[in-house]
Amino acid sequence: MNPEMLEHNAAGSSIYAMELLSGLVFGAIFGFLLQRAHVLRFDKQLGMLRFKDMTVMKFMLSAALVGAIGMTALEQLYLVNWESRFVVLLPFILGGMLFGLGWAICGYCPGTLLGAMGEGRWDAGWVFLGGLAGSIFYANLVNPYIGDFLVSWGTYREGIDLDTALGVSPWLVIAGFAAICLSLFWWLEKRGV
Amino acid sequence: MERRQEQPRSAPPWSPYLAGGLTGLALTLCAFFADRQFGVTPFYSWLTKCCGLLIYQRGLRAADEFGRLVIKPNWFATFAVGIIVGAALAAWLFNDFKWQGVPDTWRKRFGPSVVKRMVWGFIGGFIALMGVRMAFGCPSGLGLSGMVVLSASGFIGFAAMFLGGVIMASILYPPGCDTRGRGES
């Protein structure tokens with residue numbers, strides 16, 4: 001958030017209000033689509049992790065594929081300009097796997113548990129409380145001790161984009177990604193999961 | 001929102017390809033109009049800071065200028081609230097709302113106990129959010145938003161999350177444990 005947005009002048013507060021409103025609108029669109037695909041549900045999430053029902057995987061990769069095409073188009077038209085995302089291998093791998101272990105126990109992601117509460121799955125409330133406690137615990141009692149160690153190795157602050165790393169056009173990367181996703185989808189549909 | 005038992009049939013879900021594709025479109029529009037990327041982890045970071053102020057400064061009233069900036073709601077906070085609103089709206093419009101405290105898959109494997117589900121839900125959420133804070137993102141913030149900008153972070157993060165989930169799922173639900181995998185909606 002830009003510091004000028006926090007100033008208490010009329011223009012600043014109207015920008016701030018628009019900022020909050022846009023968050024609400026896009027969050028609502030995201031929640032609506034998550035609910036309509038039923039990917040909020042414990043049964044669908046565990047179905048993916050057990051390779052019994054890959055709805056969540058189909059949803060996720062479809063969103064990633066369409067989003068990648070849209071984002072790359074925006075970047076090529078100079079409509080957005082973002083810095084590359086940093087890569088920190090140790091936190092991504094260890095934290096990602098730690099998240100996965102908890103995910104299979106509770107059956108919700110941090111985002112889908114919010115939507116699950118919205119459609120009446122109130123056990124997501126326990127997950128939310130546990131998650132908040134875990135977040136407080138990690139920020140106060142774990143990160144101060146291991147945070148520096150975790151980024152001591154495998155850290156690429158300038159970020160790694162696949163297209164620049166491979167030295168090819170982003171559209172070629174998207175084509176490869178699309179080929180992988182579409183053949184995976186075809187295989188999943190053939191297996192009926 | 002009350003239960004609607006007089007209409008037992010709820011609308012069938014949309015194709016995950018359609019809903020996923022529309023999500024990809026939505027996050028592109030979000031990048032264009034709001035200059036933001038989807039993600040909910042900052043919402044938990046923000047809540048954590050608010051709780052920190054409550055604990056260390058004995059209440060938000062005592063917060064100083066810095067504290068007031070920290071707890072000021074940001075885009076990610078309203079985004080998170082929006083997910084709840086959007087899911088509730090979709091559930092209401094498509095007659096899909098259902099109060100349920102023990103998911104079907106869990107019930108078949110671990111029984112109908114609400115307390116058991118509460119304890120393990122809390123523990124699972126605790127572990128999951130520790131991992132999320134460590135990895136600087138959740139499946140939507142690190143995985144999805146990273147993959148759409150073709151960053152290595154998204155692919156590495158998503159692979160690690162999926163691997164951890166598959167390992168724990170195979171421990172909790174070993175092959176042959178008597179549950180039907182296809183979750184009935």
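1. A polar contact here is a pair of N or O atoms within 3.5 Å, where one must be able to donate a hydrogen and the other to accept it. By that rule, and with both partners at pLDDT 80 or more, 28 residue pairs are in polar contact across the interface of chain B and chain A. Keep in mind that this is a predicted model.

2. Who supplies the chain B side? Helices H1 (16-34), H2 (41-56), H4 (75-93), H5 (104-110), H6 (114-135), H7 (139-148) and H8 (152-172) of chain B each give two or more residues to the side that touches chain A. That side splits into 79 nonpolar, 31 polar and 10 charged residues.

3. On overall extent, the contact draws 120 residues from chain B and 117 from chain A. The area buried between the two chains is about 10,700 Å², and carbon and sulfur atoms give 74% of it. In chain B, the residues losing the most area to chain A are B:Tyr17, B:Met134 and B:Leu150, together 7% of what that side buries.

4. As for charge pairing, the count between the chains is four salt bridges. B:Arg117 and A:Asp123 meet in a salt bridge through their side chains, at 2.8 Å from N to O.

5. Have a look at A:Arg121, in the loop between helix H5 (112-118) and helix H6 (124-150) of chain A. A:Arg121 is buried yet has no salt bridge, and its nearest side chain of opposite charge, A:Glu119, sits 4.0 Å away. The side chain of A:Arg121 does make a polar contact of 3.4 Å with that of B:Gln100. Residues that A:Arg121 touches include A:Arg41, A:Tyr108, B:Asp96 and B:Lys98.

Technical notes: Residues numbered from 1 in each chain as written. Chains lettered and ligands numbered in written order. Predicted model: local features only at pLDDT ≥ 70, side-chain atom pairs only at ≥ 80, totals over all residues. Heavy atoms only, no water. Helix = DSSP H or I, 4+ residues; strand = E, 2+ residues; numbered from the N terminus. Buried < 20%, exposed > 50% of the residue type's maximum accessible area, 1.4 Å probe, protein only. Lys, Arg positive; Asp, Glu negative; His and termini not counted. Contact = heavy atoms within 4.5 Å. Buried area = accessible area lost by both parts, 1.4 Å probe. Nonpolar A, V, L, I, M, F, W, Y, C, P; charged D, E, K, R; others polar. Lists of a residue's contacts leave out its neighbours within four places in sequence.
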